[in-house]
Amino acid sequence: MNSKNLPIILLVGLAMLYSSCSKVPVTGRRQLGLLPESELMGMSLTSYKQFLASNKVLTNGKELAMVKRAGDKLSQTISSFLQNNKMGDRVAGFKWEFNLVEDKTVNAWCMPGGKIVFYTGIMPICKDEAGVAVVMGHEIAHAIARHGNERMSQGLAQQLGGVALSAALANKSQQTQQLFSAAYGIGTQVGAMLPFSRLHESEADELGLYFMAMAGYDPRVAPAFWQRMSAGGGGRAPEFLSTHPSPTTRIANLNKWMPKAIQYYNQSTLKPR
Ligand SMILES: [Zn+2]
């Protein structure tokens with residue numbers, strides 16, 4: 001390559017980075033999203049189907065009913081909230097599904113595209129439907145905020161630097177697959193996402209709190225839920241590992257966001273009356 005071309009290539013790279021920046025709903029944080037979300041959804045769907053085929057998926061029972069009810073309320077509320085605020089693209093192509101699998105691990109996740117799995121191990125910590133809504137709000141928030149895409153994009157930018165970025169994106173399928181595997185831990189343990197960064201965890205806590213409130217669940221139950229989580233061995237699954245904010249920071253943050261969450265709750269038509 002002619003070194004004279006380098007500044008031009010760098011400029012193109014920077015322009016691509018800039019144009020790939022978007023804003024996270026509600027928090028307004030600018031983020032990098034280099035990969036088409038549709039591609040991530042495709043890869044997620046494959047992993048999701050493999051996961052369901054190799055795990056015991058419950059088909060009835062009170063706990064499953066709770067997961068589905070909270071899931072329906074949250075997904076419908078979040079979709080209309082985003083559409084009413086011109087952010088409907090965040091749920092474009094989503095086909096929501098809610099599952100409960102028989103597994104003692106304290107875990108739950110939501111993949112791009114709205115595929116959600118709860119493990120029976122997290123249910124005693126949830127305790128009731130409002131507790132399920134805390135987890136559901138948090139997991140859906142990771143997907144809506146496109147934290148997986150952001151993590152993969154950062155990986156891509158880091159690995160390749162600005163110069164090779166355009167080349168990699170032009171010829172991306174294998175590279176993307178590798179990044180997807182790295183971001184979601186596919187290959188080691190299907191469906192088990194690697195820990196998100198602390199920033200992503202906090203953002204999911206904040207959005208999750210608002211989302212549950214919009215869906216008519218009292219957000220004031222969230223601090224107690226996260227206390228149970230930190231006391232009850234929440235460190236056994238990747239999604240709930242050490243990158244989570246410390247319990248004290250988490251509770252302080254939740255209380256900071258609570259007034260706004262209570263506003264959403266008071267406006268919700270779904271709250272019990
Ligand atoms: Zn999380």
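1. In this predicted model, strand β5 sends the side chains of Lys115, Val117 and Tyr119 one way and those of Ile116 and Phe118 the other way, and all of these residues are buried.

2. Taken as a whole, β5 spans residues 115-119, and because 5 of its 5 residues are buried, where buried means under 20% relative accessible area, the strand is largely enclosed by the rest of the structure.

3. As for its partners, β5 runs parallel to strand β3 (residues 97-101), to which it is joined by 5 bridges, and within this pairing Glu97 has Lys115 as its bridge partner.

4. On pairing with strand β4 (residues 108-111), β5 runs antiparallel and the two are joined by 4 bridges, with Trp109 standing opposite Val117 of β5.

5. Turning to helix α9, which covers residues 222-231, the buried residues are Ala222, Pro223, Phe225, Trp226 and Met229. Viewed down the axis of α9, these buried residues fall within an arc of 160°, and therefore they line one face of the helix.

Methods
Residues numbered from 1 in each chain as written. Predicted model: local features only at pLDDT ≥ 70, side-chain atom pairs only at ≥ 80, totals over all residues. Heavy atoms only, no water. Buried < 20%, exposed > 50% of the residue type's maximum accessible area, 1.4 Å probe, protein only. Arc of directions from axis to C-beta. Pairing = 2+ DSSP bridges.
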